[in-house]
Amino acid sequence: MSEPQSEQGMDTSSLEAAAETNGVPLDPIGRLFFLGVVVVGGVFGAPPREELDRIVSSLAGSGCYRDVRYAFMEQGNPALPAVLEECMAAGARRVLIVPALVPMDRTLRWWLPLAIRDWVRENVADDTMEVMLAPPLGDSEHLGEAVSAAVANAHGCVEIREDPNITDRERSWNLIPAHRHQVFLCHGPRCTLANAPKTWAYFQEKLRGNKLQGKQGVMTVRTGCLYPCDLGPIMVVHPDGTWYGGVDEAAVDRIVAEHLVDGEAVPEYACVPGAPARSRPGSEGS
Ligand code: FES
């Protein structure tokens, strides 16, 4: 990659000064043009947006980076592929991805570099954008200091039964809503990279459009990895026990119309448990 003199006409002198003040390693090619992306994974329930916003604003406040964003590897939005696409569209020259996962799952440690490399190979034309992966947050020698700071902040804590910040909430989680189908859509890391969040948003839209939500309709759940990752995004429809692979918007159109409305599974996208698929369902050659 040739050395950029400026990015999108921006004045780089203030970034250069900030980089030197903050002790950013002097990398003549990249130091001024990093676009840091913070990655987090394993989010079940509400994503930790406040924590991520704090990390992002701390990095952005250093003044060393053109832009700092966060992305999710699973469950949350925005998903990593979407944020990488945004970086590319914004003309980023270099992207540094920081896995903000503590602890870093062993499988993810092996798989994340492979997945990001494959995404770059498929989506980035030579010399337009460089992508680098930093060591996971949990590998930092400063992690112990962060825990020590949390311990130091704990001196004002009260005994848990007397904590006024813990409020009871109405308990309504003892009722299973009436429904015809329950649909699981995998949002594990590999399905997320295969655009599961986009599929999810489109699926919800189709359910609303077909009035399939609510009583006698469809209960939907985003899940972690359901196992056959190479066939993702994976969808499972119960009580029928039908597995679908390669679920994109075209597949959603058919599954909603033919399966959830008319009650007939869609064979082109269905996967049979125990029978290996030759390729991703719905793709050519399947
Ligand atoms: S990540 Fe979806 S099946 Fe593994």
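Where is Ile234 found? Ile234 is found in the loop between strand 6 and strand 7 (235-238), in a protein whose secondary structure comes to eight helices and nine strands, where helices (H or I, at least four residues) and strands (E, at least two) are DSSP runs numbered from the N terminus. The model is predicted, and local features need pLDDT of at least 70, side-chain atom pairs count only at pLDDT 80 or more, while totals for chains, interfaces and linings use all residues. Residues are numbered from 1 along each chain as its sequence is written.

**Overall picture**

- Of the 286 residues in the protein, 29% are buried; a residue is buried if 20 or more other C-beta atoms lie within 10 Å of its own, exposed if 12 or fewer, and partly exposed in between, with C-beta atoms placed from the backbone.
- Among the contacts in the protein with a separation of 6 or more, 71% come from residues 24 or more positions apart, two residues being in contact if their C-beta atoms, placed from the backbone, lie within 7 Å.

- The buried residues of helix 7 are Ala196, Pro197, Thr199, Trp200 and Phe203. They cover an arc of only 155° around the axis, which puts them on the same side of helix 7, the arc being that of the directions from the helix axis to the C-beta atoms.
- The buried residues of helix 7 pack against strand 5 (179-186), helix 6 (189-193), strand 6 (217-223) and helix 8 (249-261), whereas the face turned away from the buried side carries the exposed residues Ala201, Arg208 and Gly209.
- Helix 7 and helix 8 pack at an angle of about 30°, with their axes 10 Å apart. That angle makes helix 7 roughly parallel to helix 8, since angles under 35 degrees count as roughly parallel, over 145 as roughly antiparallel, 65 to 115 as roughly perpendicular and the rest as oblique. Axes are lines fitted to C-alpha atoms, for helices over the stretch in contact, and angles run from 0 to 180 degrees between N-to-C directions.
- Where the two helices meet, Thr199, Tyr202, Phe203, Lys206 and Leu207 in helix 7 are in contact with Glu249, Val252, Asp253 and Val256 in helix 8.

**The loop between strand 6 and strand 7**

- Ile234 is buried, with 28 other C-beta atoms within 10 Å, and, not counting residues up to four places away in sequence, Ile234 touches Cys186, Cys191, Leu226, Pro228, Trp243 and Gly245.
- Pro233 also has its place in the loop between strand 6 and strand 7, and the peptide bond from Gly232 to Pro233 is cis, with omega near -5°.
- Tyr227, in the loop between strand 6 and strand 7, has a positive phi of about 110° although it is not a glycine, and Tyr227 is exposed, with 10 other C-beta atoms within 10 Å.

**Other backbone features**

- Most residues other than glycine have a negative phi, and most peptide bonds are trans.
- A cis peptide bond joins His238 and Pro239, with omega about 15°; Pro239 lies in the loop between strand 7 and strand 8 (242-244).
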